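Subject: Structure for you

Hi,

Here is the structure I said I would pass on. Have a look at it first, and my notes follow below.

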Amino acid sequence: MSLDVDVVARAGSFRVDAAFSVAPGEVLAILGPNGSGKSTLLAAIAGHLRATTGALSLGGTGIPAPVPPEQRRIGLLGQRAMLFPHLSARENVAFGPRAQGLSARAARERADRWLAEVGMGDLARRRPAQLSGGQQQRVALARSLAAEPGALLLDEPFASLDAETGTSARRLIARLRDRLGIPMIVVTHDALDAVMLAARTVVIDGGRIVQQGATAEVLGHPRSRFAAAIAGVNLVTGAGVAEGALRADAGMLLHGRGDRLREGESGSAVFAPAAVRIAADAPLTRAPSANSWRGTVSVMEATRGGVRLFTEEHPHLAVECPPGIAASLGIRPGLALALSVSPDDVSLRREPPASL
């Protein structure tokens with residue numbers, strides 16, 4: 001069954017307006033900054049927040065706004081497991097099937113199947129306080145699936161897990177995605193979730209979709225600063241000039257691969273911080289050439305591979321500096337640098353249609 005969403009919902013004065021579809025067996029990733037409307041959107045789909053207008057359907061069957069959450073066949077798993085503390089893992093998972101009318105024995109049998117599916121079968125008798133955070137999240141996932149949902153919503157389910165446990169949880173979701181064949185939506189701040197789980201990604205900001213498409217395209221050429229930060233690339237915007245290049249709002253002229261921009265056409269350029277070449281600045285009598293610019297170091301951040309630099313002139317552009325270069329140039333705040341990037345490392349795109 002596919003999940004088709006076209007809803008407008010309000011949380012106080014904040015409005016979310018989004019439309020998309022999720023196919024059977026597909027995971028759709030939703031990215032967005034804090035306060036962008038991601039959780040509000042999931043609450044409207046799950047029925048915890050009533051949508052004001054629009055349409056929602058699962059498998060072609062419409063779900064009117066007044067339908068309560070327990071009757072929607074849409075599971076929701078959040079950052080916290082929210083298990084009943086006085087019940088065992090088995091009893092927590094059996095709670096949903098019992099509420100659906102199953103006998104105690106049938107509910108326990110279903111609970112045991114799902115606990116085994118998520119790797120918690122041997123801990124079925126333990127209460128939440130006796131489980132780690134990752135184990136509690138697996139029990140919460142089993143509880144959601146034991147209700148046999150037609151779609152599953154995951155609201156930053158890995159945010160509270162350590163790296164190792166999060167990786168294990170992602171593998172579990174990927175396996176269930178392939179096995180269950182139900183539409184899933186995962187809200188996340190981590191590009192790794194989108195890369196590992198989702199073929200398509202939606203970026204939401206200010207309550208509306210600002211970009212959507214294949215995950216490789218969205219992360220390969222993001223159209224918002226937030227998505228660019230998640231993808232770990234620099235994003236600059238501007239307008240097309242002669243020879244299909246981009247005159248960036250920041251002043252630099254960029255040639256690159258991808259779309260050939262028409263003169264005056266709005267567009268953007270993306271390049272990796274590590275692709276920027278660094279040299280000591282020498283006073284010049286003429287302006288920098290294409291794909292080069294000058295900057296004065298203002299911020300330095302330590303990274304695993306060296307130093308990340310930001311400049312006074314272009315505070316939103318990151319530059320990755322290897323340790324050897326940082327040492328040889330004597331990188332420090334206030335140092336003037338000559339910076340450049342190869343056209344082969346720059347992706348140019350024209351602005352998308354207004355509907356996005």
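Let me start with a contact: the side chain of Q211 reaches the backbone oxygen of H221 at 3.2 Å. That is a polar contact, meaning a pair of N or O atoms within 3.5 Å, where within protein one must be able to donate a hydrogen and the other to accept it, and residues adjacent in sequence count only if both atoms are side-chain atoms. Q211 sits in strand β10, residues 208–214. Q211 counts as buried because its relative accessibility is 5%; buried means under 20% relative accessible area, with a 1.4 Å probe and protein chains only. Helices (H or I, at least four residues) and strands (E, at least two) are DSSP runs, numbered from the N terminus.

Before you go further: this is a predicted model, where local features need pLDDT of at least 70, side-chain atom pairs count only at pLDDT 80 or more, and totals for chains, interfaces and linings use all residues. Residues are numbered from 1 along each chain as its sequence is written, and side-chain values use heavy atoms, with hydrogens and water left out.

The largest pocket has a volume of about 870 Å³, and of the 25 residues lining it, H48, I74, G75, L76 and S144 are the closest to its centre. A pocket here is an open set of points on a 1 Å grid over the protein atoms alone, where a 1.4 Å probe fits, with protein on both sides within 12 Å along at least five of seven lines; lining residues have an atom within 4 Å of a point. The volume is the space filled by probe spheres set on the points, which are joined across faces, edges and corners.

β6 (74–77), α2 (89–99) and α4 (133–146) each supply at least two residues of that lining, and the largest share, 4 residues, comes from β6. By class, the lining of the largest pocket has 12 nonpolar, 7 polar and 6 charged residues. (Ala, Val, Leu, Ile, Met, Phe, Trp, Tyr, Cys and Pro count as nonpolar, Asp, Glu, Lys and Arg as charged, and the others, Gly among them, as polar.)

The second largest pocket holds about 230 Å³ of space. Of its 13 lining residues, A229, V233, N234, H316 and A318 are the closest to the centre. α8 (225–231) gives the most to this lining, with 3 residues.

Finally, helix α1 (residues 38–46) is mostly covered, with 8 of its 9 residues buried.

Cheers

Technical notes
Buried < 20%, exposed > 50% of the residue type's maximum accessible area, 1.4 Å probe, protein only.
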